Structure formats: C-alpha cells, structure tokens
Amino acid sequence: MSTNIIAIVGRPNVGKSTLFNRLVGRRQAIMDNESGVTRDRSYGHGEWCGKFFTVIDTGGYVHGSDDIFEGEINKQVELAIKEADVILFMVDVDAGITGLDEEFANVLRRTDKPIYVVANKADTNARAHQIGEFYSLGIDGEIFAISSQSGSGTGDLLDEVVKHFKDEGIEDPTAGIPKIAVLGRPNVGKSSFVNLLLGVERNIVTDIAGTTRDAIHSHYKAFGKEFIIVDTAGLRRKSKVSEDIEFYSVMRSVRALEDADVCIVMLDATRGIEAQDVNIITLAEKNRKGIVILVNKWDLVEKDTNSTKEFEEEILDKIAPIKYVPVIFTSVLTKQRIHKAIEVAMEVYDNKTQKIPTSKLNDALLPDIERYPPPAIKGKFIRIKYVTQLPTHNPTFAFFCNLPQYIKEAYTRYLENRIREHFGFKGVPIKVLFKKK
C-alpha cells in the first residue's frame, strides 16, 4: 500500500465517487444519483506533479437513518480516516450545509490529520461564491470549490494536497502482485470469507443479497507470499439483473475476473452447483484463469462417509470437460479450511506461471507419443518431432509435426492429459498447438 493516501469522505450523494474516478483517471467506482451506492471502501491509484498516491472512496456517512447498512458504512468511513494521510471532506454547494454535514464535521474534528473541505457542484462562478457558508463547519484551512463532474478546481486542490506527501510514492503498489478474485452468486459468503482472511471488516457483510457492489481490492500476505484478494459483487443471470447499479456491479465483477490470475469460485453447499455457478467457472476457463472451487456452508450439510466424494463428482460432472479444478469444502462460519483455500489458490498461481524446460518436456512426452502416435488419416502418417512451451502469459505448448492439420480433438486431449500427468498444472487451463516442422 502506498504511504500517500487520500480519503474522500462526506454524507451520501455529494459526488465522492465522481471525484474518486477523476483522481484515479478512470471510471472505477460506481456512480448513481441514488444515495448509498458506495458501501465498502474502494481503492484506486493516481498521480499529480510527479507524486503517486492511493485514493480511498467511501460510503456516505449517515446517522439516525432506517438504512440497515448505516452502522457498517460508518465503520468503513472511520477506518478510511485512520488509514489516510490527507482527508477530503466533500460537501454540496447546491444543498448548502445540512445537519449531516455538521454531525460529520464533529467526527472529523477528532483527528489531527490535514482536512480539506471540498465544495462540489460549483460549476459556475455564482455557485463558487456560495462556498463561504462552509467555514461555519469549523474545519481549519481553505475551502476548495470544485466540480468533480467537469474537473474544474481539482488541479488547485491536488496542488495543495500533494504538499503533505513526504515522498514520491509508488505508481501502482499492486503491480506484479498476483490477483485472486473471489466470485460467485449473491450471498454465498464471499465478503465473510475475505474479511476472515484479512482479520478486519474490510467489506460489509449482511444477509441481504447484493450487499457488495464494487469489486474491493485488499493487499494480503500469507505462506511467505503477498497477493491482492478481490471481493466482488454476486453474479446472477442477466434476466435477474434489474437495476442500473446492479448491472454495473456485475460488470465490475466480470472485469475483476478478467484482471485476476486466479479465480476462487464460491458455491453454497446447501444449494449445490447451479447453472450460474457453471457459467462463472466456464467464463474463468474461457479467460484462461486459474480456478479453485470453494464449497462454503459445508457445516450445514448432512454428511456420510461418501458425501465429499459424491459432491465433488457432481461438480466435476456439471463443469465437464473442465476436470482439472481443485474443490475445497469449507465453512466461513466455523473457519474450517479457510487458509487451505488460499494455500491452494497460491499453488494454482505457481502452476499457472511455471515454465517447463524443453528437454524435460521432450524426455517425458516423446515416449508417450511413440507408444500412442496420432492416428493416420487417409493413409498419411503424422510424426511429432518435438514439443516446447511457448513464452506466453498462460501455459501453452507447441507440438511440431509434419501434418498439423490432420490432428483431431481427441488426440489433443490425450496430449493435454499427458502434460498434466507429468507436470501437474492443477487448476490451470492449458493450450496445445500444432505447428508445421
């Protein structure tokens, strides 16, 4: 994590996520006119005047509302304030000072960190002249009139903010670190799993499906390695996605899958493997990601001596021909085999990035090919001369032969199985190509 951390805080619907997106230079956080869209803390990275920083977007701070998430959102805001080096307290020029602004100002006065009041929606000179009333909030320092929508005033704000950063910071503290995305249908226990691993309430957890909306990235160290673990919104069928916010949440989850190295796909043991679970696993395989299947709530299932084996067979049967995926049975509630899941995910990452020397590949595979050569087609005999692993991001093997066009799918599967038998690659899709020699 960067040492230069900016937290954007304030009541709901003042434009925090819009400013966050502007500072990180892309539409990372979900924005909507409905208040309460952001719930968890979201992190992004930006740069200004040669200084790199991390930005935290937070949910709107509220008090005395009927919102079931109120307490949890406020907890996330307070954690962001503790993490930050500089705090941007956003208010709305249009609305003026509200009771919630005054209450939140009281909360902020307890910290000795630099705080800037950022008066948003000051799109015109007339509006910019209305910012004087916010001095009555009692926050020391200059008030900045900005428009997070157009970017007006944000440069002056950043000029002041970066003066507090003692060093240049790191362009992207997560670059080169393995990314593990936790995916699944709504309410299978993804956020509870991530929180248990991190040992802090990084993500809000309730019994309401769809609590997580953005993809939440967290830095984690275990087993002598560090990685980014990404909690995502629940993925459900398109026909079930009814509101704009949920649509964007699903899109963020798909993007998290595409950006990940390894996908942990969580299933609910009490419901078994369903069509949407199969879709998520297939999407991960199509994107050539490492895959681990995590069966949560295993403590709620009545079991006999064969339950685990039968459940695993049912899963592998439903996702066929994807047979290489490890299946782990866990309970987030009882903390059963939680760390095993991460240990296996890191093994899968190592498998995904392993490179087999050409001599070792040929020593292992050429005798198998000699014993069982490709079937002759129309009297033409196919001769495979040698094999090598290509320098690609995902495991890809090229077999050089005289007639590559005549090799059938069944023989390709045979060679893939031989590669797995000799070199493992558990949890990782591998590609087999045939080239003319």
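# Rings and charges: questions and answers

Q: Is arginine 185 buried or exposed?
A: Arginine 185 has a relative accessible area of 6%. Under 20% means buried, over 50% exposed and anything in between partly exposed (1.4 Å probe, protein chains only). Arginine 185 therefore counts as buried.

Q: What kind of model is this?
A: Residues are numbered from 1 along each chain as its sequence is written, and side-chain values use heavy atoms, without hydrogens or water. Local features need pLDDT of at least 70, side-chain atom pairs count only at pLDDT 80 or more, and totals for chains, interfaces and linings use all residues, as the model is predicted.

Q: Which residue forms a salt bridge with arginine 185?
A: A salt bridge needs a side-chain nitrogen of Lys or Arg within 4 Å of a carboxyl oxygen of Asp or Glu. Here the closest N and O atoms are 3.0 Å apart, and the partner of arginine 185 is aspartate 277.

Q: How many residues apart in sequence are the parts tied together by aspartate 277 and arginine 185?
A: Aspartate 277 lies in helix α8 (residues 275-286). Helices (H or I, at least four residues) and strands (E, at least two) are DSSP runs, numbered from the N terminus. Arginine 185 is in the loop between β7 (179-184) and α6 (190-198), so the parts tied together are apart by 92 residues.

Q: How many aromatic pairs does the whole structure hold?
A: Rings of Phe, Tyr and Trp (its six-membered ring) pair if their centres lie within 6.5 Å; planes under 30 degrees apart are stacked, over 60 edge-to-face and the rest tilted. A search of the whole structure finds this number of aromatic pairs: 12.

Q: How are the rings of phenylalanine 89 and phenylalanine 104 arranged?
A: Their centres are 5.4 Å apart and their planes stand at 80°, so the pair is edge-to-face. Phenylalanine 89 is in strand β4 (residues 86-92) and phenylalanine 104 in helix α3 (residues 99-108), 15 residues apart. Phenylalanine 89 is buried at 0% and phenylalanine 104 at 1%. The arrangement asked for is edge-to-face.
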